[in-house]
Amino acid sequence: MNGWQRFMFLLMCYFVVMVLYPNYDAAGLYFVGVTLAMWTGVILVLSIISNMLGLYNFPSLNKLITFVLVVMIMCSLLWYFPQKDNVTPINKIKYGEVPSKEDIKRGLNRFTFNFDFVRRRADRAENFVNQEVEENKEGVKETKEKIQKHTKKAVKKMEDTLDIKVD
């Protein structure tokens, strides 16, 4: 196996752990970036050493080295990958918490991209900020009037407390 194949195994390991354990935040992404750079360096050094020693002539030894590398990557990821609940994935596995279908779905959703750019425009009527309240629903009109009255009272009170004189 060459360095590119090992690097693809590295990316696959990160993808699997991030999908199975999606409860990470910015610290998790920072961890992924730093350790990805570290493991990439390890793969580069390993590739240079294996080329210098001619290990590409021994496919079974080369596969064994790749297997050991993947096991080391997975162990480090499962042992140190930060989660919001401060319980690492290896401890979750140890206590019998295996990833559920919802965890996998949420993990895959973190890797998706919203290609519906039309929905993102702020001036569209479909945008939740610009949606008009329907007048025919029960209680909506009354609530809207209460809010308007309360706002008018609050504005009036603020006007009374302010004593601004202009010359």
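Predicted model: local features only at pLDDT ≥ 70, side-chain atom pairs only at ≥ 80, totals over all residues.
Trainee: Which elements make up the protein chain?

Mentor: The protein chain contains six helices and zero strands. Read from the N terminus, its elements run α-α-α-α-α-α. Of the 167 residues in the chain, 22% are buried.

Trainee: Why is Gln-83 called buried?

Mentor: The relative accessible area of Gln-83 is 5%. Buried means under 20%, and therefore Gln-83 is classed as buried. Gln-83 is found in the loop between helix H3 (59–80) and helix H4 (89–94).

Trainee: What makes the pair Gln-83 and Lys-92 a polar contact?

Mentor: Their side chains approach to 3.4 Å. The cut-off for a pair of N or O atoms is within 3.5 Å, and the pair accordingly counts as a polar contact. Leaving out residues up to four places away in sequence, Gln-83 touches Tyr-21, Asn-23, Tyr-24, Pro-89 and Lys-92.

Trainee: How do you know that Asp-85 and Lys-92 form a salt bridge?

Mentor: The closest N and O atoms of Asp-85 and Lys-92 are 3.4 Å apart. A salt bridge requires a side-chain nitrogen of Lys or Arg within 4 Å of a carboxyl oxygen of Asp or Glu, so the pair qualifies. The structure holds two salt bridges.

Trainee: Are Asp-85 and Lys-92 buried or partly exposed, and what makes them so?

Mentor: Lys-92 has a relative accessible area of 5%, which is under 20%, so Lys-92 is buried. Asp-85 stands at 41%.

Trainee: Why is Asp-103 called buried, and why is Arg-106 called partly exposed?

Mentor: Asp-103 has a relative accessible area of 18%; since that is under 20%, Asp-103 is buried. Arg-106 has 38% relative accessibility, and because this value is between the limits of 20% and 50%, Arg-106 counts as partly exposed.

Trainee: How do you know that the span of helix H2 is close to the one expected?

Mentor: Helix H2 (residues 26–53) has 28 residues and reaches 41 Å from its first C-alpha to its last. Just after H2, Gly-54 takes a positive phi of about 75°.

Trainee: Which residues of H2 are buried, and against what do they pack?

Mentor: The buried residues of H2 are Gly-28, Phe-31, Val-32, Thr-35, Trp-39, Ile-43, Ser-47 and Ser-50. They pack against helix H1 (3–20) and H3.

Trainee: What makes up the largest nonpolar core?

Mentor: The largest nonpolar core has 17 residues, and those with the most contacts inside it are Leu-10, Tyr-14, Trp-39, Ile-73, Leu-77 and Phe-81. The elements giving two or more residues to this core are H1, H2 and H3. Leaving aside neighbours within four places in sequence, Ile-73 is in contact with Leu-10, Cys-13 and Trp-39.

Definitions and conventions: Residues numbered from 1 in each chain as written. Heavy atoms only, no water. Helix = DSSP H or I, 4+ residues; strand = E, 2+ residues; numbered from the N terminus. Buried < 20%, exposed > 50% of the residue type's maximum accessible area, 1.4 Å probe, protein only. Polar contact = N/O pair within 3.5 Å; in protein donor to acceptor, adjacent residues only side chain to side chain. Contact = heavy atoms within 4.5 Å. Expected span 1.5 Å × (residues − 1). Core = buried A, V, L, I, M, F, W, Y, C linked by side-chain atoms within 4.5 Å.
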